[in-house]
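Please look at the sequence and structure below before reading on.

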Amino acid sequence: MSEVIHPEEKIEQIEVGELLPKVMKLKKDGFRLSQACAAFIDEKFELSYSFADDATYQYTTLRLVIDTDTEVPSITEIVPPAVFYENEMKELFGVKIKMISVDYQDKLYRIKVEQPLGPDKDQPKAENEGEGDVK
């Protein structure tokens, strides 16, 4: 019978200047990036970078809560697979991520509306948006 491991799930809210050093430490300690995501809540961006240790099942999330005009350094030089997560954050939400190793220049997705999940910028509705909504 295999041992049941009860890992601690840790969410650490950090400042922008702490992101790169903390990502480097997690990588050095054997953690891998398991997901990164963005949300637009209360007029701010909430960015979560989650890391897993496959040996211990420990899970750590670094969370940034930033203003919409705050620039965030890319972690792609430390964790190359983050390129897709960060392009998604930039394109769908409008997060200002600088120095992404491969920047798709908002062409990762084929969407008609710029930054559809970010702050409302009085953008025109996409075709058929709202059709079929329950009223």
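## The K25–D29 pair

K25 and D29 form a salt bridge through their side chains, with 2.7 Å from N to O. A salt bridge here is a side-chain nitrogen of Lys or Arg within 4 Å of a carboxyl oxygen of Asp or Glu. D29 is partly exposed, at 38% relative accessibility. The classes are buried (under 20% relative accessible area), exposed (over 50%) and partly exposed (in between), with a 1.4 Å probe and protein chains only.

## Basis of the values

This is a predicted model, in which local features need pLDDT of at least 70 and side-chain atom pairs count only at pLDDT 80 or more, while totals for chains, interfaces and linings use all residues. Residues are numbered from 1 along each chain as its sequence is written, and side-chain values use heavy atoms, with hydrogens and water left out.

## Pairs that link separate segments

K98 and E71 form a salt bridge in which the closest N and O atoms are 3.8 Å apart. K98 belongs to strand β6 (residues 96-98) and E71 to strand β5 (residues 71-73), so this pair ties together parts that are 27 residues apart in sequence. K98 is partly exposed at 40% relative accessible area, and E71 is partly exposed at 46%.

A salt bridge also joins the side chains of D103 and K90, at 3.1 Å from N to O. D103 sits in the segment after β6 and K90 in helix α2 (residues 82-93), so the pair ties together parts that are 13 residues apart in sequence. D103 is partly exposed, with 28% relative accessibility, whereas K90 is buried, with a relative accessible area of 15%.

## Network and total

K10, E12 and K22 are linked by salt bridges into a network. The total is 9 salt bridges.

## Fold and surface

The protein contains 2 helices and 6 strands, in the order β-α-β-β-β-β-α-β along the sequence. Helices (H or I, at least four residues) and strands (E, at least two) are DSSP runs, numbered from the N terminus.

Buried residues make up 34% of the 135 residues of the protein. Among contacts (heavy atoms within 4.5 Å) between residues at least 6 apart in sequence, 52% join residues at least 24 apart. The accessible surface of the protein is about 9,100 Å², and 50% of this belongs to carbon and sulfur atoms. Accessible areas come from the Shrake-Rupley method with a 1.4 Å probe; for residues, only the protein chains shown count as cover.
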